[in-house]
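Please look through the sequence and the model shown below before reading on.

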Amino acid sequence: MGIEINKDTNEFHLFNQNISYIFRVLEKSNQLEHLYYGKRINHRKSFTHLIEREIRPSCNMFEHDHTSSLEHIRQEYPSYGTTDFRYPAHGITNNIGSHITNFQYAGYEISKGKPPINQLPATYVENENEAETLEVTLVDDVLKSKLILSYTIYTNRNVITRNAKFMNEGEEAFYIDNAMSTSVDLPDDQFEMIHLNGAWARESHVHTQKLFTGVQSVYSSRGASGHVHNPFFALKRFNTTEHHGETYGFSLVYSGNFLGQAEVDSYGVTRMMMGINPFQFRWKLNPRESFQTPECVMVYSDQGLNGMSQTYHELYRNRLVRGYWRDKNRPILINNWEATYFDFNEEKVLNIAKTAKDLGIELFVLDDGWFGKRNDDTSSLGDWFEDKDKLPNGIEGLSEKVEELGINFGLWFEPEMISKDTKLFKEHPDWLIATPDRQVSHGRNQFVLDFSREEVVEHIFGLMDNIIKKSKISYIKWDMNRNITEAYSTSLSKDQQGEFFHRYILGVYKLYEKLIEKYPKILFESCAGGGGRFDPGLLYYAPQTWTSDDTDAVERLKIQYGHSMVYPLKSIGSHVSAIPNHQVGRMTPIETRANVAYFGTFGYELDITKLTDEEKQKVKNQVTFFKEKRELIQHGDFYRLLNPFEGNETSWIVVSEDQQEAIVGYYKVLAKPNDKYYRLKLTGLDPNQLYTIKGMNTTHYGDELMNIGIILNEDYTDRAEDYWNKEQPHDYDSKLFILKAK
Ligand code: DGJ
């Protein structure tokens, strides 16, 4: 187990109990050839019998040699222009304007554990036996550059992480035009690509399509990972389901412009790669400088999509999220946004906080509108001073009063933004991102601060710090409501403008890091108009994310189902909101709204003071229920059961690690008259364990529940009266099944 190296043939085999990854050094060119990635195979001294070389009409690297075409060799980190014509994993322009590179094997190092990546978020280990890292060094003698390819294999997880580092060891600067985090050439194309895409208020819908010959990709060029594509994709076999079959997942720990791409060539080879989007990227690497890519987390599963997701969930929950909140249950919060929007004052929000406290809610969050003169979305971003008309006692006074009620206080910021009517803009007009002599586009009437500049990050830290240090703040919602246009930084030279987007996101990470360092107990929730930056990069700083501005329970089935492909329930911000729903006008029962929101961090986003006594009692019961089950929901194994993209029903289950307890969410969107018989097959249970299901007076073995299922129709033998008196079916119905080992 670990990393085996055959020094005679220069072969590398990374493996643990479940996965194998094999590559070697090519004899003649000293470049790296990929041999295998997938289910664990027995280690052997050499895998050279896996080499395939056909003689094909193509260009070859060596004279008189007809099998040295890189186009026909599966590679580890391919380049363009020296016989391979597919998209490369890296691209460089040197001082004579050439793009040709030749990185050749020079050695390797193996270390226990996993080194961090400078300035970038990454998964980590707590103990050096959790993982082993292989760093392969390649050298390009002409460019005078080193390339270090890092591979970390986790001992007990089906995970390999990769990144690449370029080091300029010469006397001339060169430009990195493309630097992928990973590239894998798989030997066939019998896959479907799964990815998560959408738009504002309908993020992370699951899309599946068969691979075709050519390039298919997901990407962002907006300065953030974005609502449109999540920085994730998977390749699955045609017969792979949620529960069975092979899947390869790729997830980028990064919050800026990214690319995830699969290219199928004419010979059925699939090259997949992931990293910073090369579009609009160019990094000037001066002598003695280095550039390291973000990390790509590759998961192999032969247990279907659920198997892949569970690996991501466990890894991201325990070895990506850090700090005080990592292992803690998340507070049940109430947010005032959909309750008041900009129209609030101290009395109004204190009433909400007081009522929330009486119903058992643990955290009150004051959203947008507390600063400057912000009564709508046209003003004040950057003036992080309280609006004393709304809050005469400031945030300091309000937060104290909220705390005195016995409920914690949280606050909204949008640190990266600026409005033109602010003191900040008057003092620093040049901090706004703009291209000289060009018009500047707005998004939601606002502009973006140049976070690639250190002094901007420092200044915003100072403004936020002024508020935080004098107040009792235990939570911050960090919002970001527009993407970057007219990208340009006056602080960068003309040949460094291609660095802007990456430097911007490094600035965002830096501000997070500074705030966390000073206030390690504050819980951060990231947000970008909902899920516009729901990515693993931000989870390193903000352990939870506001998943979507769409709070409708039915829409949320798809949104939360999609996010669960990669992200653990504990990171998925989910609230019960008012009806008619503010995004789609739908009227769903409060039970269903909660039954959906339970599968996440759980909270409320409505004017709780306006609820009837009966509704308040329901909220109180829901809060009590969630507190009882929070540990199970936020730390158990989550399995998707029925897919909302395929039919009228959705279902999922969370099972405790010891399989003694489980909760099933079952949702039927539209009622049907005289309907068919339904059975809901569960998964993840102990087959030999007898379970009770709350509300049912029978017991069931796990194997029965998994193979026969819960029979959803009741037995009305000799109970005609009950049948006629039962509740009528209705739309947006849902049920929770609570299982307990007997
Ligand atoms: C977008 C967020 O997603 C909402 O929850 C809310 O915070 C608004 N911004 C405030 O402007």
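## Cysteines, ligand and cavities

A search of the whole structure finds 0 disulfides, a disulfide being a pair of cysteine sulfur atoms within 2.5 Å. In general terms, a disulfide is a covalent bond that joins the sulfur atoms of two cysteines. The model is a predicted one, in which local features need pLDDT of at least 70 and side-chain atom pairs count only at pLDDT 80 or more, while totals for chains, interfaces and linings use all residues. Residues are numbered from 1 along each chain as its sequence is written, and side-chain values use heavy atoms, with hydrogens and water left out.

Which residues are closest to the ligand? Of the 13 residues that surround the ligand, the closest are Asp367, Asp368, Lys477, Asp479 and Asp549, and a residue is counted as near if one of its heavy atoms lies within 4 Å. By class, this shell holds 4 nonpolar, 3 polar and 6 charged residues; here Ala, Val, Leu, Ile, Met, Phe, Trp, Tyr, Cys and Pro count as nonpolar, Asp, Glu, Lys and Arg as charged, and the others, Gly among them, as polar.

The table lists polar contacts, which are pairs of N or O atoms within 3.5 Å.

| Residue | Part holding the N or O atom | Distance to an oxygen atom of the ligand |
|---|---|---|
| Asp549 | side chain | 2.3 Å |
| Gly530 | backbone | 3.0 Å |
| Trp546 | side chain | 3.4 Å |

The protein covers 98% of the 290 Å² of accessible area that the ligand has on its own, with areas computed by the Shrake-Rupley method and a 1.4 Å probe.

The largest cavity has a volume of about 130 Å³, and among its 13 lining residues Gln31, Leu32, Tyr77, Pro78 and Phe103 lie nearest its centre. The second largest cavity holds about 50 Å³ of space, and its lining divides into 5 nonpolar, 5 polar and no charged residues.

Methods:
A polar contact is a pair of N or O atoms within 3.5 Å; within protein, one must be able to donate a hydrogen and the other to accept it, and residues adjacent in sequence count only if both atoms are side-chain atoms. On a 1 Å grid over the protein atoms alone, a cavity is a set of points where a 1.4 Å probe fits but cannot get out, and a pocket is an open set with protein on both sides within 12 Å along at least five of seven lines; lining residues have an atom within 4 Å of a point. Grid points are joined across faces, edges and corners, and a volume is the space filled by probe spheres set on the points.
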